[in-house]
Amino acid sequence: MRAAIVEAPGKVSVTTVPDPTPGPREVVVSVASCGLCGTDLHILQGEFAPTLPLVPGHEFAGEIVGVGRDVTELAVGDRVAVDPSLHCHECRYCRSGRGNLCERWAAIGVTVSGGAAEYAVAPVANCVKLPEHIDVKDAALIEPLSCAVRGYDVLSSTLGAEVLIYGSGTMGLMMLELAKRTGAAGVDILDVNPERLATAALLGCSRSAAGADELDRPAGWDVVIDATGNAAAIQDGLGRVAKGGTFLQFGVADYATTAVIEPYRIYNQEITITGSMAVLHSYERAAALFATGVLDPAVFISDRLPLEQYPQAIDRFKAGIGRKIVVEP
């Protein structure tokens, strides 16, 4: 089969690799679409993935074409979206229901071969069967949506909150859609990319700007979400949280990124600073939301490229062009 391979830090290509074989409780998925995200850039930089070479791709969906001998829940021909999370179920975090913090954390497309290929293997427990009305080529959006759902689980937002989101890429826009549906009184979005801000306006944000000073809200926002991983955005966002408010680090920053906090202000104004790591008990809920039309794939997916153009897709994503980019084997 054909697959994208991150061979070494900074080096990615498309080549032929052996077809996968399912284990007893695994299925083989013929990949219909595979999304790119910031994690893929980190893998390309040599972060996250414990060893290279690696077939990336943790956002994917497709049709089952093979099943292991002990699989009874799904059958060949079923269309599924795949939760990439692989937990050990043995460590203290798994035993306490915090599998996303697993001491042996792993994920399809991050630590083992993923969906940037014609075929991918996944545990049957990680597969969510798609309803008939869902286009399987759109269902790669379910994984990033499940991360956004996890982010809102962490926030435990109250009704009537004023929300500020840094970044109007795919994840920022998903957080916008969820904020609108969780009772926010207003959702403002910041981005230096005018095209992306235009998409945020199309989706119904309250206000959009290149910088927070343009929005004239000296008291700050109840909820501030960084969906960029950018050091400057994070630093600015920390200073925009209102008294009693919450800052959510949702974007994936480089390992070396740092920010300065003001301990007295955090204490005196009862500010919460928290983070959200990947998927936790949120994939099925994201699939259910997706089936209701919470996202418009025509808006969110800006580029569909063939698998053979995976290196070009990575370059396009790295340059900040478009929104969600998917490859279709």
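Biologist: What makes the backbone nitrogen of Lys-324 and the side chain of Thr-170 a polar contact?

Modeller: The nitrogen lies 3.1 Å from a polar atom of that side chain. A polar contact is a pair of N or O atoms within 3.5 Å, one able to donate a hydrogen and the other to accept it; residues adjacent in sequence count only if both atoms are side-chain atoms. This is a predicted model, where local features need pLDDT of at least 70, side-chain atom pairs count only at pLDDT 80 or more, and totals for chains, interfaces and linings use all residues. Residues are numbered from 1 along each chain as its sequence is written, and side-chain values use heavy atoms, with hydrogens and water left out.

Biologist: Why is Thr-170 called buried?

Modeller: Its relative accessible area is 9%. Buried means under 20% (exposed is over 50%, partly exposed in between; 1.4 Å probe, protein chains only). So Thr-170 is buried.

Biologist: Why does Ile-325 count as buried?

Modeller: Ile-325 has 0% relative accessibility, so the term applies. Its C-alpha atom is separated by 8.1 Å from that of Cys-37, 288 residues apart along the chain.

Biologist: Why are H3 and H4 called oblique to each other?

Modeller: Their axes come within 9 Å and cross at roughly 55°. Axes are lines fitted to C-alpha atoms over the stretch in contact, with angles from 0 to 180 degrees between N-to-C directions. Under 35 degrees is roughly parallel, over 145 roughly antiparallel, 65 to 115 roughly perpendicular, and the rest oblique. H3 and H4 are therefore oblique.

Notes:
Helix = DSSP H or I, 4+ residues; strand = E, 2+ residues; numbered from the N terminus.
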